[in-house]
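Here are my comments on the model you sent.

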Amino acid sequence: EDKPLPKGEHKLQLYSMGTPNGVKATIMLEELVELFPDFEYDAWLIPINGVQFTSGFQGINPNSKVPAMVDHSEKTPVRVFESGSILMYLADKYDKDGVFLPKEYPARAECQSWLMWQMGSAPFIGGGFGHFFNYAPIKIEYAINRYAMETKRLLDVLDKHLGEGNKKYVCGDQYTIADMAIWPWIGWLVDGKLYGAGEFLQVEEYKNVCAWSKRIGERPAVKRGVMVNRPFGEKSSQLHNRHARSDFETKTQD
């Protein structure tokens, strides 16, 4: 279908939905809003019911997956797709002091490594465990057990890492894009907001992960980020399209 994307007044245009991958981008954008008084962006809800296959969206992401973003501040508009790529792009362009992505090594390499760990592990949690545990029309015990064990292994990896030196965040004392990427998947999982699988996975065993998730979820920018492009849940938690800081007070679905 030939359908152009909407465009707001700001230089950055995000096209997304409040899935775990979409929330990574909106958390980072809201963190930048918190950091810089003049930073703004538009975010448009792209329901994954076919809209992602229209010509407009495929023009900015040939893979037809949310989120995708266009930066109109350059002479030639820049398209950015894949959630991890969006996080790195925003950090490189706007976070000049390395608040969310360290500038120096080895801290920068550590942050990038954990970001890629999340990008590589998400399909096992979502497309693997989430699909067979929650969405598959028939229950296949082998598939559920196989991906449940892999999900628990990933939880254990993160739990042990956070426990080494009693880390506050994934990269130590600094909150980074690695936390923003991991939290919507693993944080929601241990908080019981993903697949209703907390009891099945015995998430309470991963005490360091649970404490870390609570810490991230209390950040004001994170609370706003999860509302953007969200078409489900409580009406007051849904901000379908976001164009201004005041929208959280005046434009939710309630």
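Which residues do ring pairs link into a cluster?

1. The model is predicted, and the points below should be read with that in mind. In it, Phe 129, Phe 133, Tyr 135, Tyr 195 and Phe 200 are joined into a cluster by ring pairs.

2. The count of aromatic pairs comes to twelve. One of them is Tyr 135 with Tyr 195, an edge-to-face pair at 6.0 Å centre to centre, with 90° between the planes. This pair links distant parts of the chain: Tyr 135 belongs to helix H4, while Tyr 195 is in the loop between H6 and helix H7 (198–201), 60 residues apart.

3. Tyr 135 counts as exposed because its relative accessible area is 55%, and the cut-off is over 50%. Tyr 195 has a value of 13% and is therefore buried, the limit being under 20%.

4. Trp 183 and Trp 188 also form an edge-to-face pair, 6.2 Å centre to centre and with 70° between the planes. Both Trp 183 and Trp 188 are buried.

5. Two charged side chains sit over rings. Lys 139 lies over the face of Phe 133, 5.9 Å from the ring centre. Arg 219 lies over the face of Tyr 175, at 3.7 Å from the ring centre.

6. The largest pocket has a volume of about 950 Å³. Its lining comprises 38 residues, and Thr 19, Pro 20, Asn 21, Trp 185 and Tyr 195 lie nearest the centre. H4 gives the most to this lining, eight residues. By class, the lining residues are 16 nonpolar, 14 polar and eight charged.

Technical notes
Residues are numbered from 1 along each chain as its sequence is written. This is a predicted model: local features need pLDDT of at least 70, side-chain atom pairs count only at pLDDT 80 or more; totals for chains, interfaces and linings use all residues. Side-chain values use heavy atoms; hydrogens and water are left out. On a 1 Å grid over the protein atoms alone, a cavity is a set of points where a 1.4 Å probe fits but cannot get out, and a pocket is an open set with protein on both sides within 12 Å along at least five of seven lines; lining residues have an atom within 4 Å of a point. Grid points are joined across faces, edges and corners, and a volume is the space filled by probe spheres set on the points. Helices (H or I, at least four residues) and strands (E, at least two) are DSSP runs, numbered from the N terminus. Ala, Val, Leu, Ile, Met, Phe, Trp, Tyr, Cys and Pro count as nonpolar, Asp, Glu, Lys and Arg as charged, and the others, Gly among them, as polar. Rings of Phe, Tyr and Trp (its six-membered ring) pair if their centres lie within 6.5 Å; planes under 30 degrees apart count as stacked, over 60 as edge-to-face and the rest as tilted. Buried means under 20% relative accessible area, exposed over 50%, partly exposed in between (1.4 Å probe, protein chains only). A charge sits over a ring if NZ of Lys or CZ of Arg is within 6 Å of the ring centre and within 35 degrees of the ring normal.
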